[in-house]
Each structure stands twice: as structure tokens, then as C-alpha cells.
Amino acid sequence: METSYAIEVKGLRKSYGDFEAVKGIDLRVKTGEIFALLGPNGAGKTTTIEILEGFLTPNAGSVKVLGYDPAKHERVYKERIGIVLQETEVEEFLSVEESIRLVRSYYQNPLPLDDVLAVTGLTDLRRVRPRKLSGGQKRRLDVAMGLAGNPDLLFLDEPTTGFDPQARRDAWDMLRNLRELGKTVLLTSHYMDEVEHIASRAAVMIDGKIVLEGTPQDLAHEAEPTISFRATANLNLPNGLEAEFHEGDSQYLISSSDLVKTLYVLTSWAIENNVSLEDLSITRRSLDDAFVELTQRAENGQER
Amino acid sequence: MRSLQLLAIQYAYENVRFWRNSIAAFFTVALPILMMMILCLLFGSQQTVVEGQPVYWSTFYVPSLSAMAVIGACFTNIAMEVSISRDRGLLKRYRGTPLPVSILVCAKLVHAVVLGFLLVICLIGVGVWVFDASVNGIQLSLFVVALILGSITFCALGLAVAALIPNAEASPAIVQAVVLPLLFISDVFLPMDNAPAWLQWIASVFPVRHFALILQSTFHPILASDIRVSIHLFVMAAWFAVGLVVAIRYFRWEPRR
């Protein structure tokens, strides 16, 4: 029976010997969603995605993808998924078009060749052999081969790692095209900005666990805004306000989860006590900062 | 029907890939033909008279180099190709598609076997027309049976060795280290009649010698060996079984980490 979830994972665990790469994660990806699994290297992203693809068998937990158990390697399941692995080469003796044609022939209802080429921006390169493709173009060929079978669900393991900024933007355009085709996409990435641009939801995975999950906006809120101003040292700030003081430029930094209230407390205290808050400003940190902070938090937690 | 169609597509692909890879094509196709021509030029014109008819030594080199060609097309080719494809992630990529494993493997086998047969036909052609090899005494049906059994045996062994090869860099060294010495001690380039008994005994354990001898025996009566054909067939069948079991038991989709 179809559920509205393309992917449902509960209590997933995977160990390699003594090392536990995935430490009990739950994951739900809705049909039609572009879901990003984020995290630093070694967080367990690839292990997770390879379990969903069927390459690895989990030690514990339940996995249902499109209603199938991927570990069974059923042909009907393979008909409905497309896989773009993190590190694979393509057949060097076939042109772009020949490679895509070959993969298309494995599926009952493949995507028309011209559509595959158009979506991945390879139309002009169709006769070229992989040796003459750039890194970004090769990766697009990987995606084209993942897409050729017209899958309902596409797995993309780090589709843009190692790209220059322009190649990444091209790749994002391509992924937006996929969304318009109505595909469900699960991608892994270690770039937070990728999520802002293309994902409808994301989970942050650190050290084998999912530490945060939500829309890109939700994740952005994780990054608390910071109030900064300059003033003399050893200010006697009002109760409840904790500031970080940087001696070099006499700057105070206050991070706040309730900006309005914190600002009110701060500014009314400043007016009453006649303290000048020079260069008063509010900065909202980027997702990347939040991501780095989450990673550091997790690492510190580990050290303790 | 669908399976046959997939097999045809996959076979066509194996073919295209093989012929476009000029280095592999050279070593597999040109080398046995070149070797036979050199050996025939050196020794092929010597002759033995049988019942008043001269039989040139080139008659020995046609079936012998046929054995080498089949081993190259089936064993060497498959062992190298599978280990390289595995290292490059191509096998893993296949595994993520609906293409059944059986068809993936069958296409490789069919390609290797057909290639081996084509090479044998070329060798016979060159041997007969250029070097006066004699085909009058050929037991065609037995010769073909031996070719088929040899082909599938060396395909199975190629898959088995591919499974045991740690990585693609090691594969040429390992494969050549297995093949070359065996070819030399197995009556392929020169008859082993005067070799020490222990060396003959070692050679008799492995399938190469039995394959070469059975091809020679069925190609011309003068080349018939002392050992019975059924024994050659039995040893090769045993190696086929070993190859098959190892290949299935130890097959890997991904490089060892």
C-alpha cells in the first residue's frame, strides 16, 4: 500500500565493527519533497543513504522506501528509484548519449532521452566521451543516468561536492527542474546554502544522529540573532542579559532568542543609565554559521 | 522475451566497449594470432610424413594457440574487466538498476565465448592458408565441444579470480602471473614430452594443459596424447565447478575497503 511518505525510517542503526556509524535515526520524507540530509564528513549520511538504496543492510531499525524493503533488492523497487552514488566513474568508452541510452534500456518506462539531456543540460554534449567532460559535467551525467529510468524517487549522494560556484548554481537549477517533474529527491550535502536554495525540508546529521530537522526556515531560526554594540568595558548590564565582550574593539555581543524583549531591556536600561550603545546593530547569522555551531556543539559534547 | 532483449542490449554494449578499448582488443585479439605467426615462421615449415603425406608442424600451433586465444578472451579478459569495473564503481552502479545480475554476467560470458570462437576461426584460417596446417583429420564435433567446455571453464575461473583480486592495480600482475607460466608448461608453445615428470605432473593438475591437449587431439590424429579424452574433459569440468563455486561465493560488487 502506498503511503504519503516516500521514505519511512525508524530506529535505524548501522555499525562497522566497533564503530557505530548510524546511531538510531528516524526519518520521514514526503512524496514530492526535496529532502536534504546535511552533515559534516563522517556523520553517517552516506551510510544512511546506501541503506535506503539497498547497498548496505542495517543492524537494527525498520526501513520502508516506496513501501519496499530495499535490502531485498527487488526488481520492482529498482524500477522506481534512481541512484547517484558519491563516487563512481562512468563507462569511458561510451559517449554521454550512449551511456544514457544503455541505462534507459534497463527500465520499463524510461524518461525520453531528449528530456534527460535537457533536464541535466547535456544536450550539446551528447556525443562527447566522459574523458572530455569537466567534473561538473561528469556529475551531471551521473544525475542523467540516475534519472534515465524515470524514477519516482531519486537518491543524490553529494551531487555538488567539489564544484566551483558556477557549477553548483547550474546543479541547483537542474535540481529545481527535478522538483518540477514531481520527483521525490533525497540528497546529502555538507553545504548549508544548498538547503536554502533547493530543499523543501532538511535534517542535520552529526555523529550518527539527527540533531535537527525542519524546513530551511526552521533551521535558520536555529541561528539566533546577535545584538552587538560598542561601549566601555565592565558595563553593569541589567539582570538576565549575558554578553560576550571583545576587548580589541570594545564590542559586546548578546545573542537572543527573543529579540524584541532583549532589545527593550537593553535599550531602556541604556537610556535610564545614560549609556551610549555605539554602532548598535542586529545580525542574523547565516545557516552556515548555525551549521558550524551545531557541529561544534556536537563535537564538544563528544569530548565531555 | 524481455530478458533476451536485455541480454542482446548488454551483449552489444560489451562488444562496443571491448572493441573501443584498443589496448585490451590488441592483447586479446592480435597477440595469439601474432604468436602463432611467429612460431609458424620459426618452426611451422618442418614436417612429419604420415602415410606418405607430409604434415607441417603448423598443424600443432593452430589448436595450441587456439587454447591460448580462448584463455585470453575468457579468463584474462573477464578477470581484468570485472576487477576494473568493480574498482571504478561500474558494478555498483549496475546493482542500483533493474538490470538482473544474471543478465549482466551472461552478457560478459557470451561476449567472451563468441570472441574466443571468432579467434579460433581466425587462427585456423591463417594456419591453413598461410602456413599449410592440415585440417583433414579434425574431429569437428569433439573439437567444438572442447572449445565450449574450455570457454565456460575459463570464464568461470576468470570470474573466480576477479573475486579474489584485491584491486584493479593488482589485476594485470596477478592474471599474467597465473596465465603465462601455465601456458609455458602446458604444451601450448612447445611439446612437453621431454620435460621432467614432476613438471608435467604440476601442469596436469591445472586445466590449461588438458584444454590444449584435447584441442590438439581432436584437431589432428598425429597430435593425439596418451591420456584419454574423457580424462581431459573430467579435469576441465572439475575446474569449471571450482571456478563457479568460488565466483558465486566470493563475488563482490564493490572494491574492498
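Visitor: At what angle do helix H3 and helix H6 of chain B pack?
Guide: Keep in mind that this is a predicted model. H3(B) covers residues 58-87 and H6(B) covers residues 140-164, and their axes sit 8 Å apart. The packing angle of the pair is about 30°.

Visitor: Does that make H3(B) and H6(B) roughly parallel or roughly antiparallel?
Guide: The angle between the two is about 30°. Angles under 35 degrees count as roughly parallel. H3(B) and H6(B) are therefore roughly parallel.

Visitor: How many nonpolar residues does the contact of H3(B) with H6(B) have?
Guide: H3(B) passes H6(B) in a right-handed crossing. Among the residues making the contact are Val70(B), Ile71(B) and Phe75(B) from H3(B), with Phe143(B), Leu147(B) and Phe154(B) from H6(B). Sorted by class, there are 4 polar residues and 1 charged, and the nonpolar ones number 17.

Visitor: Is H3(B) roughly parallel or roughly antiparallel to H5(B)?
Guide: H5(B) spans residues 101-131, its axis comes within 9 Å of that of H3(B), and the two cross at roughly 155°. Angles over 145 degrees count as roughly antiparallel. So the relation of H3(B) to H5(B) is roughly antiparallel.

Visitor: And how many charged residues are in the contact of H3(B) with H5(B)?
Guide: Here H3(B) passes H5(B) in a right-handed crossing. The contact has 17 nonpolar and 6 polar residues, and the charged ones come to 2.

Visitor: What is the handedness of the crossing of H6(B) and H10(B)?
Guide: H10(B) runs over residues 229-250, and the axes of H6(B) and H10(B) come within 7 Å, crossing at roughly 35°. As for handedness, the crossing of H6(B) and H10(B) is left-handed.

Visitor: How many charged residues take part in the contact of H6(B) with H10(B)?
Guide: From H6(B) the contact includes Leu149(B), Ile152(B) and Thr153(B), and from H10(B) it includes Met236(B), Trp239(B) and Phe240(B). The contact divides into 17 nonpolar and 3 polar residues, and the charged count is none.

Visitor: Over to chain A: what percentage of its residues is buried?
Guide: Chain A has 10 helices and 13 strands, and its C-alpha atoms fill a box of roughly 75 × 45 × 35 Å along the principal axes. The accessible surface is about 14700 Å², with 45% of that belonging to carbon and sulfur atoms. Out of 304 residues in chain A, the buried share is 48%.

Visitor: Is Gly61(A) buried or partly exposed?
Guide: Gly61(A) belongs to strand E4 of chain A, residues 60-65. Beyond residues up to four places away in sequence, it touches Lys10(A), Gly11(A) and Leu12(A). Buried would take a relative accessible area under 20%. Gly61(A) has 46%, so it is partly exposed.

Visitor: What is the phi of Leu66(A), and is the residue buried or exposed?
Guide: Most residues other than glycine have a negative phi. Leu66(A), in the loop between E4 and helix H2 (75-80) of chain A, has a positive phi of about 55°. Its relative accessible area is 9%, so Leu66(A) is buried.

Visitor: Which loop of chain B holds Asp187(B)?
Guide: Asp187(B) is another residue other than glycine with a positive phi, near 65°. At 4% relative accessibility, Asp187(B) counts as buried. Its place is the loop between helix H7 (171-184) and helix H8 (197-205).

Notes: Residues are numbered from 1 along each chain as its sequence is written. Chains are lettered from A and ligands numbered from 1 in the order in which they are written. This is a predicted model: local features need pLDDT of at least 70, side-chain atom pairs count only at pLDDT 80 or more; totals for chains, interfaces and linings use all residues. Side-chain values use heavy atoms; hydrogens and water are left out. Axes are lines fitted to C-alpha atoms, for helices over the stretch in contact, and angles run from 0 to 180 degrees between N-to-C directions. Helices (H or I, at least four residues) and strands (E, at least two) are DSSP runs, numbered from the N terminus. Angles under 35 degrees count as roughly parallel, over 145 as roughly antiparallel, 65 to 115 as roughly perpendicular and the rest as oblique. A crossing is left-handed if the near helix is turned anticlockwise from the far one by less than a right angle, and right-handed if clockwise. Contact means heavy atoms within 4.5 Å. Ala, Val, Leu, Ile, Met, Phe, Trp, Tyr, Cys and Pro count as nonpolar, Asp, Glu, Lys and Arg as charged, and the others, Gly among them, as polar. Buried means under 20% relative accessible area, exposed over 50%, partly exposed in between (1.4 Å probe, protein chains only). Accessible areas come from the Shrake-Rupley method with a 1.4 Å probe; for residues, only the protein chains shown count as cover.
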